[in-house]
Amino acid sequence: MNLDFSMLAIMCVTILYFLLPAYISNSGGLIFGGGVPVDFEKSDSNGNRWIGDGVTWKGLIGGTLLGTLVGAIQGYFGPDLLTLYGEYIITPIAVGVLNGVLIGFLLAFGALVGDAAGSFLKRRLGIGRGKPAPILDQIDFLVVALLFASLVVSFSIEFIVIAIILTIIIHLIANTGAYLLGIKDVWY
């Protein structure tokens, strides 16, 4: 596909729009978090937690519901967006509430499963909670969200590459901003 700047800009906007359920659920997991960890505080034979306290059932359920709701709203407005801007939209978009619920759920639940899988992998590598794992920290949720959504949506290689690049940039900007505002202890 031959991309000019305006087409790339449109792809970036529509990719971010499509991925909103994943982004929102990932944040929602933090907002609704707390309580019983998904791993029920279990450890492996070396005493390392399976996942850790950062991934909880309340966060998983609350974040998934929030992301699914965002998908439903996107599906509701999808037909209107296609009518108004269809000639410019070259990425997937949810059309209809049920389609939005399905895609929203897959992206939202996939994002949170990906975050938990990233935590599991970090624990296996001996990386403690809150310690950096460059690239893994930025894209674990996105990769699994896209895998789950690929059950019902086809993604081009351009979509995947741009989604990863945008996600890394957004992650670094958001975390640096949170650090500068004193919300986070580290910039990453």
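Biologist: Which residues do ring pairs link into a cluster?

Modeller: F18, F155 and F159. Before we go on: this is a predicted model, so local features need pLDDT of at least 70, side-chain atom pairs count only at pLDDT 80 or more, and totals for chains, interfaces and linings use all residues. Residues are numbered from 1 along each chain as its sequence is written, and side-chain values use heavy atoms, with hydrogens and water left out.

Biologist: Why is the pair of F18 and F155 called edge-to-face?

Modeller: Rings of Phe, Tyr and Trp (its six-membered ring) pair if their centres lie within 6.5 Å; planes under 30 degrees apart are stacked, over 60 edge-to-face, the rest tilted. For F18 and F155 the centres are 5.8 Å apart and the planes at 75 degrees, so edge-to-face it is. The structure holds 8 aromatic pairs.

Biologist: What distant parts of the chain does the pair link?

Modeller: F18 is in helix α1 (residues 5–18), while F155 is in the loop between α5 (136–149) and α6 (157–180), 137 residues apart. Helices here are DSSP runs (H or I, at least four residues), numbered from the N terminus.

Biologist: How do you know whether F18 and F155 are buried or exposed?

Modeller: Buried means under 20% relative accessible area, exposed over 50%, partly exposed in between (1.4 Å probe, protein chains only). F18 has 3%, so it counts as buried. F155, at 18%, is buried too.

Biologist: And which residues have the most contacts inside the largest nonpolar core?

Modeller: I15, F18, L19, L107, F155 and F159, in a core of 22 residues. Such a core is a set of buried Ala, Val, Leu, Ile, Met, Phe, Trp, Tyr and Cys residues joined through side-chain atoms within 4.5 Å. The largest share, 5 residues, comes from α5.

Biologist: What makes R124 a charge over a ring?

Modeller: The rule wants NZ of Lys or CZ of Arg within 6 Å of the ring centre and within 35 degrees of the ring normal. The charged end of R124 sits over the ring of F120, 4.6 Å from its centre.

Biologist: How does I135 count?

Modeller: I135 has 45% relative accessibility, so it counts as partly exposed. Its place is in the loop between α4 and α5.

Definitions and conventions:
Helices (H or I, at least four residues) and strands (E, at least two) are DSSP runs, numbered from the N terminus.
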